[in-house]
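This briefing looks at how chains meet in a multi-chain model. The points below are grouped by interface.

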Protein chains: 4
Amino acid sequence: MKIGWIGLGPMGTPMAGRLLDAGHTLAVFNRTQSRADDLVSRGARRADTPAAAARDADIVFSMLANDEAVESLAYGGNGIVAGLACDAVHVSTSTISPDLSTRLQRAHQEHGQLYAAATVLGRPPAAQAGELFIVLAGAEAARQRIAQPLATLGQRVFDLGEDPAQANLVKLSLNFMIFSTIEQMSEMFALNDKGGIAPATLYEIMTNSFFSAPVHKNYGRLIVDENFDPPGAAVPLALKDNRLLLQAAEALAVPVPMASLLRDRFLAMTAKGEAGLDFAALSRRSRDDAGLLP
Amino acid sequence: MKIGWIGLGPMGTPMAGRLLDAGHTLAVFNRTQSRADDLVSRGARRADTPAAAARDADIVFSMLANDEAVESLAYGGNGIVAGLACDAVHVSTSTISPDLSTRLQRAHQEHGQLYAAATVLGRPPAAQAGELFIVLAGAEAARQRIAQPLATLGQRVFDLGEDPAQANLVKLSLNFMIFSTIEQMSEMFALNDKGGIAPATLYEIMTNSFFSAPVHKNYGRLIVDENFDPPGAAVPLALKDNRLLLQAAEALAVPVPMASLLRDRFLAMTAKGEAGLDFAALSRRSRDDAGLLP
Amino acid sequence: MKIGWIGLGPMGTPMAGRLLDAGHTLAVFNRTQSRADDLVSRGARRADTPAAAARDADIVFSMLANDEAVESLAYGGNGIVAGLACDAVHVSTSTISPDLSTRLQRAHQEHGQLYAAATVLGRPPAAQAGELFIVLAGAEAARQRIAQPLATLGQRVFDLGEDPAQANLVKLSLNFMIFSTIEQMSEMFALNDKGGIAPATLYEIMTNSFFSAPVHKNYGRLIVDENFDPPGAAVPLALKDNRLLLQAAEALAVPVPMASLLRDRFLAMTAKGEAGLDFAALSRRSRDDAGLLP
Amino acid sequence: MKIGWIGLGPMGTPMAGRLLDAGHTLAVFNRTQSRADDLVSRGARRADTPAAAARDADIVFSMLANDEAVESLAYGGNGIVAGLACDAVHVSTSTISPDLSTRLQRAHQEHGQLYAAATVLGRPPAAQAGELFIVLAGAEAARQRIAQPLATLGQRVFDLGEDPAQANLVKLSLNFMIFSTIEQMSEMFALNDKGGIAPATLYEIMTNSFFSAPVHKNYGRLIVDENFDPPGAAVPLALKDNRLLLQAAEALAVPVPMASLLRDRFLAMTAKGEAGLDFAALSRRSRDDAGLLP
């Protein structure tokens with residue numbers, strides 16, 4: 001297939017690389033052009049604009065940092081919508097608002113194009129290994145068309161049906177599950193630490209009993225090791241995802257008190273100079289409040 | 001070994017039964033005597049008082065509902081402390097306060113007896129199958145003495161060392177992990193439900209990706225099925241465990257905002273006539289706040 | 001003076017009326033034109049656009065519902081900025097975001113115009129009586145120019161200095177003080193009610209001891225009387241003001257946990273069909289959680 | 001009248017002094033006897049036990065730090081109950097739990113004695129000046145008997161009727177109103193400070209508009225001046241009062257989320273070495289979370 005790829009950050013690069021390795025023809029666009037060098041040296045074509053990457057493609061993927069980036073690269077004369085052929089598919093894999101997903105779908109429909117949201121769960125090593133979890137929603141024609149490349153990217157695809165905004169809402173919800181699990185464990189690590197039980201000991205008990213999911217093991221390990229710098233994903237990204245969740249919850253009139261708590265935690269991290277750390281450093285807030293920080 | 005057992009509720013009965021089946025000589029005490037009938041018919045001796053169950057025993061186990069029950073059966077002329085022989089061991093498996101555990105240890109020490117806390121994670125079927133997780137702490141002599149019967153009761157024993165109060169703190173912490181995971185999932189079930197994604201769908205995605213621990217699967221299943229009545233464990237028990245956690249956190253000066261949230265949730269359940277349901281019905285509070293209850 | 005007035009809602013109408021009564025020449029604009037009828041019959045000139053109301057004016061006031069309304073009437077060919085003469089002053093009295101105030105100031109500066117934010121505290125009867133509290137900020141020239149008409153509108157002007165965004169931040173903060181005082185009283189009304197003490201009794205004690213401010217008396221009275229319908233100001237307005245506060249707090253990296261709680265309360269009100277009530281019906285949430293609603 | 005007084009702390013001493021000055025015969029007891037010296041030099045009789053202070057008295061007042069102190073001085077052979085004459089009245093002015101008040105009433109009834117709770121709002125200077133606010137409840141005979149001395153102690157008595165526990169619940173509620181107002185103002189002081197508006201400026205606006213109650217003026221002043229040391233009343237006292245409120249709310253099944261927030265704040269103060277400060281230093285928590293502490 002002819003595939004366009006917009007966005008070559010820590011997630012987009014290994015994902016695009018897998019499609020290239022699988023034999024697809026790849027055109028890539030990234031604002032900072034040098035990030036495309038490696039893929040170009042492996043056979044990808046460099047595109048100067050999102051429109052150029054989308055032109056001639058059967059499918060164009062976007063993997064960008066936030067709503068603002070997607071809006072600026074999707075719309076306008078050089079944007080994805082302007083470049084994409086009739087009946088071709090735009091697959092948004094970014095963690096963006098359900099609302100933007102709905103607006104993108106409408107824009108593509110007006111141009112006779114297809115749109116799907118295929119949000120992904122997993123960090124860069126999982127992207128590299130094709131072991132992402134993918135949450136998919138969009139028009140059936142779009143979902144069928146992209147099934148094969150998605151199988152290259154992820155270990156499992158959860159298909160939600162027609163409404164792309166739902167894939168974005170689920171993705172925000174899964175991220176919330178990560179953040180709130182970190183908070184949950186952090187409160188207990190701090191409490192038990194003051195009670196004489198080391199975080200590593202509690203971690204051992206938790207992850208070998210009822211709390212043995214990847215979310216417990218992976219993030220609990222980061223916390224126990226205080227392995228926050230350099231960050232896998234830094235605080236502003238988590239603050240952004242949580243903000244999108246809060247906005248979606250407001251639009252649907254659903255109180256989410258744990259997300260409110262997370263908001264205040266991430267703001268305190270920002271205020272106290274921890275914004276550059278991995279968001280798992282959220283655990284420092286419980287330790288700070290407990291008088292455990294130096 | 002000669003073993004005494006105090007407390008034949010839904011957990012104590014199958015646990016005592018396993019020890020009997022393993023060939024130990026068993027003396028049992030329960031306030032409501034008829035609850036001992038089955039074990040007696042299988043060969044256990046009925047004791048009229050906690051002291052009588054403890055007398056002649058190498059080890060006496062207690063599995064009771066709360067601090068008040070333990071205090072009333074441990075102390076006084078007919079209590080465990082009065083009946084237990086010198087050098088024999090009292091193993092408290094109840095979910096009680098760390099503070100009471102410390103006081104029990106002191107009382108037993110003053111009588112030349114040994115004491116350990118061996119708190120258990122798991123519901124009655126796991127007790128039946130000997131698949132409990134056990135968190136153990138107490139004097140080394142006590143821990144050695146009880147190792148074999150504990151292996152009969154649980155699939156794994158986590159040994160914390162000398163201070164019995166730590167086993168109680170960890171147990172309260174693990175229960176908090178359960179309660180707060182329920183709240184966490186419940187907020188997302190309600191949010192996604194209003195966004196058009198059924199709880200069963202989100203459950204499927206969560207438990208097949210990063211959120212695949214028993215805590216997610218077991219309690220998520222109860223929530224999705226709204227399987228709250230009859231309760232496996234009802235709201236007052238969860239409110240009590242959470243209260244003990246809050247008290248321990250106050251004693252150690254550790255803020256635990258998620259536990260504060262849980263407190264308010266359990267109180268609302270009590271006020272709104274949900275106290276008789278399984279504590280997983282906590283999920284109803286998120287649904288109610290979101291306008292999803294009829 | 002020649003004064004333009006944009007926005008004739010429940011607050012704008014009596015405020016504009018006072019300026020007319022004080023002898024100023026008044027041009028008025030409102031989207032729904034009929035709302036200007038009364039002022040026109042008293043001598044005001046009807047303007048067809050915001051620009052027309054601003055043209056020839058020494059000062060143009062705007063009193064609008066939210067950021068969106070202000071943006072749509074300030075900018076564009078028919079907007080305030082397009083119509084206002086050089087050196088004339090735009091006074092924004094609306095409860096809008098500090099961020100929009102900063103952008104308005106910049107736009108007016110670029111056109112050689114002056115801008116000030118003069119936010120007001122008080123409900124329509126206070127506007128009628130000229131007893132509003134006014135929080136003022138903006139360039140000194142602007143503040144001097146508008147001092148006299150502001151004295152006609154309010155009983156007291158608090159002058160914050162040069163930065164208009166500060167007047168908006170303070171206004172949002174004062175509204176937060178109102179909302180959170182309602183929540184505070186509501187929790188106690190519900191608690192004491194279940195303890196056998198009627199809300200009216202607690203109100204009497206509070207407002208005659210340490211809690212005797214207008215915020216206690218006015219909003220406590222609404223709660224005790226359950227006087228929520230028709231609303232003085234309905235829930236969506238409070239939800240909006242609280243959202244602006246949360247956004248401002250995020251921009252400044254300041255956790256505001258009480259505002260987070262209010263957010264969840266207002267969302268629950270929205271979800272449970274209470275959006276049409278006065279925001280003081282926030283008290284119903286505490287009563288609901290306490291099992292006191294029928 | 002013949003009056004006994006138990007408890008000569010910062011509140012009890014000036015209150016007892018007023019009764020002495022009003023011409024009553026006074027017998028005083030305090031654990032640390034030297035605290036009675038001044039009153040004895042002014043004509044009071046020193047009693048060696050609470051019972052001795054109660055004996056011969058028409059009315060015995062108690063003003064003690066907490067439930068534990070009241071229990072230890074009320075009960076037992078040397079306690080108030082043992083010493084008080086038939087038909088004499090015990091007036092508890094301490095901030096204690098509603099539950100203890102109910103138990104005290106029962107004990108006095110069993111001895112043919114009368115009991116009332118007369119809780120007080122105000123700090124030592126108000127006690128000195130007889131300007132306390134008094135919340136009264138108890139048997140009518142008791143209330144009538146003590147009306148005159150209460151008029152000496154307070155500027156106003158709020159009479160709740162028969163059930164003494166209600167006076168204690170109201171007192172805890174009023175203290176909650178103080179604590180939560182401090183939190184409310186503190187969040188706004190921190191937010192506005194980061195927005196460039198000094199706490200003193202916001203204080204000026206608040207206390208001269210809708211937020212002009214003593215609770216705003218007195219505690220806002222302490223916060224603006226950072227006047228926390230030496231404390232008027234230190235953190236452990238506030239933590240205790242808030243704990244009693246939370247316990248009362250649990251007994252009545254009423255969620256009180258703001259009190260939960262206060263609990264976590266006071267615990268963080270304890271953990272971070274601020275326990276010795278005035279409880280108004282609660283404001284430091286908002287500043288800390290906002291990155292404003294050095």
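In this predicted model, the contact between chain A and chain B takes 58 residues from chain A and 58 residues from chain B. The area buried between these two chains is about 5200 Å², of which carbon and sulfur atoms give 77%. Chain B is also in contact with chain D, through 17 residues of chain B and 17 residues of chain D.

**Chain A with chain B: area and composition**

- On the side of chain A, the residues that lose the most area to chain B are Met177(A), Phe210(A) and Met258(A), which together account for 14% of what that side buries.
- Sorted by class, the residues of chain A that touch chain B divide into 37 nonpolar, 14 polar and seven charged.

**Chain A with chain B: polar links**

- Between chain A and chain B the count is 22 residue pairs in polar contact, with both residues of each pair at pLDDT 80 or more.
- Two salt bridges are found across this interface, and Glu204(A) forms a salt bridge with Arg156(B), in which the closest N and O atoms are 3.6 Å apart.

**Chain B with chain D: area and composition**

- Chain B and chain D bury about 1400 Å² between them, with 52% of that area on carbon and sulfur atoms.
- In chain B, the residues that lose the most area to chain D are Glu250(B), Arg263(B) and Asp264(B), and together they make up 41% of what that side buries.
- By class, the side of chain B that touches chain D has 11 nonpolar, two polar and four charged residues.

**Chain B with chain D: polar links and elements**

- Across this interface there are four salt bridges, and Glu250(B) forms a salt bridge with Arg243(D), the closest N and O atoms being 2.6 Å apart.
- Residue pairs in polar contact between chain B and chain D number 10, again with both residues at pLDDT 80 or more.
- The elements of chain B that give two or more residues to the side touching chain D are α12 (235–251) and α13 (257–271), and α13(B) gives the most, with eight residues.

Key:
Residues are numbered from 1 along each chain as its sequence is written. Chains are lettered from A and ligands numbered from 1 in the order in which they are written. This is a predicted model: local features need pLDDT of at least 70, side-chain atom pairs count only at pLDDT 80 or more; totals for chains, interfaces and linings use all residues. Side-chain values use heavy atoms; hydrogens and water are left out. Contact means heavy atoms within 4.5 Å. Buried area is the accessible area (1.4 Å probe) that two parts lose on being put together, summed over both. A salt bridge is a side-chain nitrogen of Lys or Arg within 4 Å of a carboxyl oxygen of Asp or Glu. A polar contact is a pair of N or O atoms within 3.5 Å; within protein, one must be able to donate a hydrogen and the other to accept it, and residues adjacent in sequence count only if both atoms are side-chain atoms. Helices (H or I, at least four residues) and strands (E, at least two) are DSSP runs, numbered from the N terminus. Ala, Val, Leu, Ile, Met, Phe, Trp, Tyr, Cys and Pro count as nonpolar, Asp, Glu, Lys and Arg as charged, and the others, Gly among them, as polar.
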